[in-house]
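I opened my notebook for a friendly look at one model. Here is what I looked up, entry by entry.

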Amino acid sequence: MMTLLLQMLLSFMKIGALSFGGAYASMPLVEQEIVVARGWLTLAEFSDLVAMDELTPGPILINSATFVGMRVAGVTGAVVATIGCILPSCMVSLALVLLYRRYRKARLAEGVLYALKCMSCALIFSTFMTIAGRIILGGDIPSGVASVIIAGFAFYLLRYRKLAPLTVMLACGVLGVLVAAVL
């Protein structure tokens with residue numbers, strides 16, 4: 001049993017470390033490791049796994065790891081596989097934090113962080129514009145307008161009133177429920 005758990009830990013660490021480009025881009029790696037190399041699932045079971053990943057909330061790779069671990073070695077296997085899947089990301093994040101603490105005053109580090117902030121803002125704005133477009137153009141006009149007003153209200157509270165983001169999210173959620181009930 002220990003050998004199986006160690007194999008599971010190492011297999012999912014490999015999957016977690018090599019999963020770039022999102023969950024769907026890494027599903028062939030999962031299939032290779034779980035179906036072909038280890039034989040823990042058949043191809044039909046793997047297809048069911050992918051379908052279940054679509055239906056359950058949460059990150060797809062973590063859901064996959066938990067399912068495979070549970071199927072192969074019970075609750076202990078689910079825990080081991082899930083830890084194996086997230087451990088590489090945690091280690092990389094820890095290394096980046098340590099590097100940041102050491103080199104945060106370096107000009108190169110400041111430049112990289114500034115570029116990352118700009119890219120993050122652009123991605124968030126792009127997502128906002130996509131969602132706003134779908135709300136306004138794809139839904140009914142009254143609820144779309146209400147959503148844009150609530151979003152503007154949230155921006156105002158965050159930017160100019162300096163309220164805590166959690167408070168603003170909760171307030172917007174309550175406003176959204178009230179608007180949906182009225183409209």
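How exposed is Cys118, by its relative accessibility? I am working with a predicted model, and in it Cys118 has 36% relative accessibility, so I noted it as partly exposed.

Next I checked Cys121. I found a relative accessible area of 53%, so Cys121 goes down as exposed.

Then I wanted to know how far the sulfur of Cys118 is from the closest cysteine sulfur. The partner is Cys121, and the distance is 6.7 Å, too far for a bond. I looked from the other end as well: for Cys121 the closest cysteine sulfur belongs to Cys118, again at 6.7 Å. A disulfide needs the two sulfur atoms within 2.5 Å, and my count of disulfides came to zero.

I moved on to helix 2. I have it running over residues 23-37, 15 residues in total. From its first C-alpha to its last I get 19 Å, close to the expected 21 Å. Where does helix 2 bend? I placed the bend at Leu29, by about 30 degrees.

I then listed the buried residues of helix 2: Ala23, Ser26, Met27, Val30, Glu33, Ile34 and Val35.

Last entry: after helix 2 comes Gly39, and I noted its positive phi, near 70 degrees.

Methods: Residues are numbered from 1 along each chain as its sequence is written. This is a predicted model: local features need pLDDT of at least 70, side-chain atom pairs count only at pLDDT 80 or more; totals for chains, interfaces and linings use all residues. Side-chain values use heavy atoms; hydrogens and water are left out. Buried means under 20% relative accessible area, exposed over 50%, partly exposed in between (1.4 Å probe, protein chains only). Helices (H or I, at least four residues) and strands (E, at least two) are DSSP runs, numbered from the N terminus. The expected span of a helix is 1.5 Å times one less than its number of residues. The bend at a residue is the angle between axes fitted to the seven residues ending there and the seven starting there.
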